[in-house]
Amino acid sequence: MELGDLEQLQAGFRHEAEDLLTDLGAALLLLELDPHNAEVVNRVFRAMHTLKGSGASAGFRRLANFVHHVEEVFNRIRNKKLQATPELIDATLKACDCCALLLGLGSTDDDTPLPLETEVLAALRPFLPEMDKATGKAQAATVAASVAARYKIGFRPNREIFFSGTDPASLLLELTDLGEMEIHCDTADLLAADPFDPEQCYLRWEVFLDTKQAEQAVRAVFQFVEDDCDVSIEHEEPAASARAESKAARFRGATQQAFSALGFALEQFQSGDENLGLATAHRAAQTLISACKAHGHSGATIAARKVLEAVLAQQVGTLDGGWLTKVKLLIEAARLAVDSPTVAEIVTSPPRGTAVAAEISTAPEAATAAASIRVDSVKLDALMRLAGELLVARGALPAFADRVEHIAGEESSKSMAKEMRDAGAKVSRLADDLQATVMSIRMMPVRQVFQRFPRLVRDIARNLDKNIELHVSGEETELDKTVIDAIGDPLTHIIRNAADHGIESKADRVEKGKSAIGRIDLSAYTRGSNVVIEVKDDGKGLDAEKLKRRAVEKGLLTEAAVAAMDEEAAFKIILVAGFSTVDKVTDLSGRGVGMDVVRNSVEALHGAIRIQSEIGKGTSFRIELPASMLVSKGIRVAVSGHEVVLPISTIREMVKIPKSVVRSVQGQPIAPVRGTVFPLLWLAHALSFERMEERRAELAVAIIDAASGPYGLVVDHFLGEVEVVVKPLNGVLAKVPEYVGAAIMGDGKTVLVVNTERLFALQRSLLTAHNDRLVALPG
Amino acid sequence: MAKKILAVDDSSTMRQLIKMTLSRAGYEVVEAEDGAKALQKASAGTFDLVLSDINMPVMSGIELLRKLRALPQYRFTPVVLVTTESQSEKKQEGKTAGATGWIVKPFEPEQLLAVVTKVLRS
């Protein structure tokens with residue numbers, strides 16, 4: 001396998017493993033509710049089994065070893081020797097977390113157990129049968145040699161074994177996976193054979209195998225060929241001499257044999273027996289690889305693989321004149337690699353702290369998440385088809401040009417123009433479809449984020465001894481990948497907050513006449529070009545007065561400021577940094593950090609939050625986000641002779657109000673719109689444009705729904721709605737908070753997009769800095 | 001003509017590994033993610049070899065093997081099972097159901113290639 005292949009395979013496995021772990025988590029939660037459901041037990045088992053088998057194949061050896069122990073436990077549940085208790089589910093869920101860490105470690109050779117690994121294995125030990133406890137312990141504490149056993153295996157294939165398609169060498173190779181071994185070949189029959197029949201097997205083997213595996217595993221190697229050979233397996237006390245023989249000496253012996261076989265093979269090849277020579281070389285290279293691998297010599301393993309690759313290339317028939325020289329060089333390189341010490345021998349790896357291990361484990365994962373995107377193949381097919389059609393349609397245009405050139409005089413230019421217009425229309429329709437498809441590739445179902453919450457709610461409920469049901473709906477709703485990636489953290493905070501602070505204790509709920517089981521609803525749905533995600537709990541609700549009091553006590557807001565707040569503005573106090581309503585700092589939340597993350601993240605996504613709550617009934621957080629980050633709708637506005645775009649997602653409505661209704665309260669202009677009073681902000685002022693003299697009696701105002709509260713943005717004119725592709729700003733402009741990006745208009749012109757979400761807050765903070773006093777959140 | 005191989009495994013990683021190894025050696029590999037899908041593909045076309053995992057959703061490898069052997073065109077087609085060491089009892093079951101051989105997971109690409117080459121030659 002080439003190096004690029006391995007990387008590809010590992011990247012593929014990472015994706016598969018992530019899916020498997022997610023499915024495993026979901027299946028475990030189901031199993032907790034229904035511990036005797038054989039179908040669910042099987043689902044859990046299969047996910048583990050695949051994780052182990054494919055993990056080992058993709059080189060994730062540590063992950064595979066770890067999963068093996070967990071799989072054993074579920075094998076016992078499957079065989080009804082064990083019950084899936086909540087404690088066991090707890091340990092297994094932790095094991096899933098551990099798998100994610102090990103997945104991050106990748107194909108490492110470092111065997112230092114992670115703290116979580118040791119913890120999980122310790123928690124699982126009571127559930128393992130006696131025999132496996134030993135291996136479990138060996139894994140956790142790296143007590144290795146004590147459980148190894150030595151077997152003497154006599155392997156005498158029948159003469160006709162080749163006819164059943166069995167290769168004795170492949171069985172011996174399979175044995176090498178179990179441990180270290182010493183193979184003796186009895187060639188007496190071969191030498192005595194007369195006449196010699198090349199289709200018969202004359203060889204017999206005696207193998208001494210040192211393995212930690214059970215005898216059953218050794219026996220299993222020969223299971224398929226029992227009828228075609230005579231196999232004896234005896235348990236043997238390791239002889240003193242065998243023990244004295246160092247591992248290194250055995251490695252040297254094995255590799256020397258392989259090298260002389262390779263030399264012999266090349267001689268065969270040169271003397272005309274090309275196929276035979278190649279077959280011998282193939283086998284010798286395989287032996288060399290196994291020996292290097294068993295010795296943990298990765299450098300030599302790679303060098304030996306190169307030899308095998310060269311042999312394979314020659315075998316499949318790409319005959320190459322210089323092959324012999326090349327392969328000889330490769331063999332020499334392998335010999336040098338074998339003679340050089342293994343990496344493990346030179347570098348004594350320093351003991352590694354937990355922090356470092358955790359850091360390493362997360363890094364590659366983050367990298368993969370950013371670099372790749374998984375796409376539904378149906379969408380890709382559609383994309384391919386469209387691209388093809390577009391090419392065909394484009395091809396029609398030069399042909400038209402030719403015709404115009406040659407027969408311009410004969411055909412009426414009117415009909416030609418029509419044909420060209422039709423072709424142009426077709427191209428642009430295809431381009432539109434193509435763009436829509438590309439966009440849809442970036443769209444992913446919110447399920448990708450939602451699926452982590454059942455586990456979160458379960459863990460919190462178990463920790464706090466509450467009963468909480470999580471009801472999820474609208475998982476199919478699609479959002480742009482950027483939004484999906486960014487929305488996980490804020491949602492986690494909201495849901496955690498709901499489970500921790502929102503839902504009351506069982507006793508409190510019963511006392512209030514509510515069901516002892518709390519309920520959190522997590523839903524997503526589309527509204528226009530936006531997606532709404534709602535988290536609703538039936539807990540104790542937010543107390544606006546208490547929130548206001550607390551904000552004043554903490555010195556976050558002034559008395560006057562909170563007095564002017566309406567209910568919703570008061571609820572939003574919980575989104576302010578440094579605010580926490582709970583005195584006791586719990587393990588889960590209540591540290592006053594977290595909820596302000598919610599506001600920041602949603603703002604960064606150009607979304608808006610609304611909070612509704614009723615004391616004793618519950619609280620609902622409603623996050624509205626643009627479904628796609630690429631194309632969004634905006635309103636073009638004119639301001640002081642410039643043109644800018646306001647993102648439509650933040651605009652509640654656009655109105656014209658008489659200038660005469662504007663009042664000023666403590667220097668803040670305000671105006672009533674349909675009975676509600678909004679603070680006003682002049683866009684020209686906010687963007688530091690020169691404010692033109694307003695002669696008109698009416699003001700054009702866009703009511704903006706910002707997370708910090710609604711406000712009226714005064715512009716000169718509304719120029720109309722537009723679909724824009726928003727690109728983030730680079731360079732100097734990237735640091736200007738008044739703008740979110742630049743929009744490329746249909747005619748190619750670039751127009752700046754205003755950060756309406758933060759504009760008002762920015763102005764307020766400037767004022768605050770100026771006046772050095774606390775200013776209320778606008779309400 | 002390149003020999004056609006049907007690779008059946010519910011793990012995309014395993015299918016990727018098999019396809020990568022075998023197509024590089026000049027074989028044509030068709031993938032199926034469970035026994036039922038494999039049976040469908042096998043019935044619709046002809047294959048020179050079937051490589052199948054055992055533990056899969058919908059239809060297991062053993063069941064697939066039994067169903068394949070019941071089809072006249074697959075009575076003698078080599079079927080190699082891909083198993084893990086913990087399933088030794090399954091191996092026996094597979095043999096009884098008519099498997100030609102087996103490969104133990106995890107395997108080296110060259111091991112797979114060796115088994116495939118041999119089974120297809122004999």
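**Contact between chains A and B, and features of each chain**

In this predicted model, 27 residues of chain A are in contact with 32 residues of chain B. Four helices of chain A, namely α1 (3-33), α2 (38-57), α7 (168-176) and α9 (215-221), each supply at least two residues of the side that touches chain B. The largest share of this side of chain A comes from α2(A), with 7 residues. Sorted by class, the side of chain A that touches chain B has 11 nonpolar residues, 11 polar residues and 5 charged residues.

Chain B has 122 residues, of which 52% are buried. Its secondary structure consists of 5 helices and 5 strands. Along the sequence of chain B, these elements follow the pattern β-α-β-α-β-α-β-α-β-α. Among the contacts in chain B with a separation of 6 or more, 58% are between residues 24 or more positions apart.

In chain A, helix α21 spans residues 481-502 and has 22 residues. The distance from the first C-alpha of α21(A) to its last is 30 Å, close to the 32 Å expected at 1.5 Å a residue. A bend of about 35 degrees is found in α21(A) at A:I487.

How values were computed:
Residues are numbered from 1 along each chain as its sequence is written. Chains are lettered from A and ligands numbered from 1 in the order in which they are written. This is a predicted model: local features need pLDDT of at least 70, side-chain atom pairs count only at pLDDT 80 or more; totals for chains, interfaces and linings use all residues. A residue is buried if 20 or more other C-beta atoms lie within 10 Å of its own, exposed if 12 or fewer, and partly exposed in between; C-beta atoms are placed from the backbone. Two residues are in contact if their C-beta atoms, placed from the backbone, lie within 7 Å. The expected span of a helix is 1.5 Å times one less than its number of residues. The bend at a residue is the angle between axes fitted to the seven residues ending there and the seven starting there. Ala, Val, Leu, Ile, Met, Phe, Trp, Tyr, Cys and Pro count as nonpolar, Asp, Glu, Lys and Arg as charged, and the others, Gly among them, as polar.
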